[in-house]
Amino acid sequence: MPTKVDFSTLNLQDALDLAILIEKESEERYLWFADIIGDNYPGDAASFFTMMARNEKIHGDDLRERRTALFSDAPSRLNANMIDDIEAPDLSKPRAQMSPGLAYDVAMESEIKAYNFFNEASIGIQDQSVRKLFEELRDEELGHQELLVKQKANYSEQDESDHEQHDIDTPSL
């Protein structure tokens, strides 16, 4: 698990903060992908990544509201340097002339990665409220996968040339 967080010490506030950071990282990564690929036509890969960024933002906003309702403005003990690519798509994924179908594959891979993270992390957590939250987040990631499967019908089969395209130079965020 790519994180510098000791799960055994997490309380519910920390767990919500971690989930918010994960959603923010994913949102920013998708926006960055959309930016470097560039808009080519309506419904292209950049449009798909922008849609994914909006979805991540909505999920993050929901978690923030929940956190604020429970813990007001209590300071977080966690920061973005403590996580890395838990749900965010891999930096090497964007391609020149990327099809929406390949963008879909990148998003599905990320949703599966997030599901696996929350599933594995919940196993060792002793705090029941944290475990329950992680199990809930795991199940939400499964729901996101199901929504993506339904969304896939909107995209034609990815062009084989996607696999032949060279990676875009992707400097660190």
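This is a predicted model: local features need pLDDT of at least 70, side-chain atom pairs count only at pLDDT 80 or more; totals for chains, interfaces and linings use all residues.

Residues are numbered from 1 along each chain as its sequence is written, and side-chain values use heavy atoms, with hydrogens and water left out.

A nonpolar core here is a set of buried Ala, Val, Leu, Ile, Met, Phe, Trp, Tyr and Cys residues joined through side-chain atoms within 4.5 Å, where buried means under 20% relative accessible area, exposed over 50%, and partly exposed in between, with a 1.4 Å probe and protein chains only. The largest such core has 22 residues, and those touching the most other members are Phe7, Leu10, Leu18, Ile22, Phe117, Phe134 and Leu137. At least two residues each come from helix H1 (12–37), helix H3 (100–123) and helix H4 (128–152), helices being DSSP runs of H or I, at least four residues, numbered from the N terminus. H1 supplies the largest share, 7 residues. A second, separate core of 21 residues includes Ile37, Ala45, Phe48 and Val106.

Turning to the rings, Phe, Tyr and Trp (its six-membered ring) pair if their centres lie within 6.5 Å, with planes under 30 degrees apart counted as stacked, over 60 as edge-to-face and the rest as tilted. The count by this rule is 10 aromatic pairs. Phe117 and Phe134 form a tilted pair, 6.4 Å centre to centre with 45° between the planes, and because Phe117 lies in helix H3 and Phe134 in helix H4, the pair ties together parts that are 17 residues apart in sequence. Phe117 is buried at 4% relative accessibility, and Phe134 is buried at 0%.

Finally, a salt bridge requires a side-chain nitrogen of Lys or Arg within 4 Å of a carboxyl oxygen of Asp or Glu, and there are 12 by this rule. In one of them, Asp14 and Arg77 have their closest N and O atoms 2.1 Å apart; this pair links helix H1 to the loop between helix H2 (45–71) and H3, 63 residues apart. How do the two partners stand in accessibility, buried or exposed? Asp14 counts as buried at 1%, whereas Arg77, at 54%, counts as exposed.
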